[in-house]
Amino acid sequence: MRLAMSNIAWAAEERLEAYAILAEAGIAGLEIAPGIFFHAAADPFVPDAASAAEALCEIAEAGLSLVSMQSLLFGVTGAELFGGPEARGVFEQGMTRAIALAGRFGIPNLVFGSPGQRRVPEGLAMADALEQAAAVFHRLGDAAAAAGTRITIEANPAAYGTNFLTTLEEAEAFVARVDHPAIALILDLGAMHLNGSFASVPARLPDLAPRLAHVHVSEPDLALAPADAAALVPVLRGLKAAGFSGAVSIEMKRPPKGLAEVRRAVHRLVATHRAAETVDA
């Protein structure tokens with residue numbers, strides 16, 4: 001596995017210091033929200049060559065590489081997975097836009113959360129919603145495969161404003177239903193905390209591993225993460241034992257104390273990873 005962090009934890013103007021914090025800690029992976037990473041571009045999903053080159057040069061100087069992308073529908077209005085044909089078309093176009101960006105810059109993973117754009121409306125049976133969504137994501141999987149990337153499906157608890165794939169079990173079953181090599185699963189630890197199922201994670205990892213492509217080290221409401229380093233150790237040990245080779249990425253919103261808490265989070269993850277590697281030594 002490789003350690004990473006999402007850039008939603010800092011403002012665009014703090015990026016260089018944040019990159020230095022990651023580099024000093026030995027973290028080489030960067031997960032991005034395009035609006036922050038390509039902040040200088042008029043359209044962060046279609047960045048001009050100059051602003052893109054500058055953004056990539058900045059991370060290269062820090063020894064970072066892009067491992068994942070989130071906020072896939074940022075700036076898209078009227079997108080609804082379960083809306084009418086027009087709203088669903090906007091949804092697919094927005095997702096295709098994100099896939100194209102990932103393909104352009106070799107980003108191997110796209111996290112699909114977007115709770116507000118995937119709410120099942122009253123009157124639509126869940127069985128029908130699953131059928132519709134599976135067809136959409138099979139098409140998106142084809143596009144992702146062609147672009148050399150994949151989409152990971154994130155369980156979003158009901159507290160985040162959705163009623164579709166709110167648990168890991170539901171997300172896992174949906175990935176199995178789509179049955180596409182470019183549609184995989186993300187394990188979001190904050191969602192597991194919110195759903196009261198975090199303690200079950202280590203034991204579930206052997207079964208999850210074949211479809212698992214990305215992990216978010218997160219807390220409810222994207223608070224400072226990891227909050228409990230000791231509780232994370234068995235998760236990291238389980239990932240290693242299962243042969244997980246993807247990114248384990250801190251996902252948290254910008255904390256009140258800014259980069260000082262970013263540094264704290266990074267050091268805690270690195271120390272926890274080290275403890276997970278050596279606990280049986």
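## A charge and a ring

Which residue lies over the face of Phe45? Arg97 does, at 3.5 Å from the ring centre. Please keep in mind that this is a predicted model.

## The nonpolar core

In soluble globular proteins, nonpolar side chains tend to be buried together. Here, the largest nonpolar core has 89 residues. Those with the most contacts inside this core are Trp10, Phe91, Phe137, Ile151, Ile153 and Phe174.

Leaving aside residues up to four places away in sequence, Ile153 touches several others, including Phe112, Phe137 and Phe174.

## Aromatic pairs around Phe91

The structure holds nine aromatic pairs. In one of them, the ring centres of Phe91 and Phe112 are 5.8 Å apart and the planes meet at 90 degrees, so this pair is edge-to-face. Phe91 sits in helix α4 (residues 85-105) and Phe112 in strand β4 (residues 110-112), so the pair ties together parts that are 21 residues apart in sequence. Phe91 and Phe112 are each buried.

Phe91 also pairs with Phe137, again edge-to-face, at 6.3 Å centre to centre and with 70 degrees between the planes. Because Phe91 lies in helix α4 and Phe137 in helix α5 (residues 126-147), this pair ties together parts that are 46 residues apart in sequence. Phe137 is buried, as is Phe91. Stepping back, ring pairs link Phe82, Phe91, Phe112, Phe137, Phe164 and Phe174 into a cluster.

## A covered strand and its neighbours

How many of the six residues of strand β6 (residues 183-188) are buried? The count is six of six.

Strand β6 has a partner in strand β5 (residues 151-153), and the two pair in the parallel sense over three bridges. Thr152 stands opposite Ala184 of β6.

Methods:
Residues numbered from 1 in each chain as written. Predicted model: local features only at pLDDT ≥ 70, side-chain atom pairs only at ≥ 80, totals over all residues. Heavy atoms only, no water. Core = buried A, V, L, I, M, F, W, Y, C linked by side-chain atoms within 4.5 Å. Buried < 20%, exposed > 50% of the residue type's maximum accessible area, 1.4 Å probe, protein only. Contact = heavy atoms within 4.5 Å. Phe/Tyr/Trp six-rings, centres within 6.5 Å; stacked < 30°, edge-to-face > 60°. Helix = DSSP H or I, 4+ residues; strand = E, 2+ residues; numbered from the N terminus. Lys NZ or Arg CZ within 6 Å of the ring centre and 35° of its normal. Pairing = 2+ DSSP bridges.
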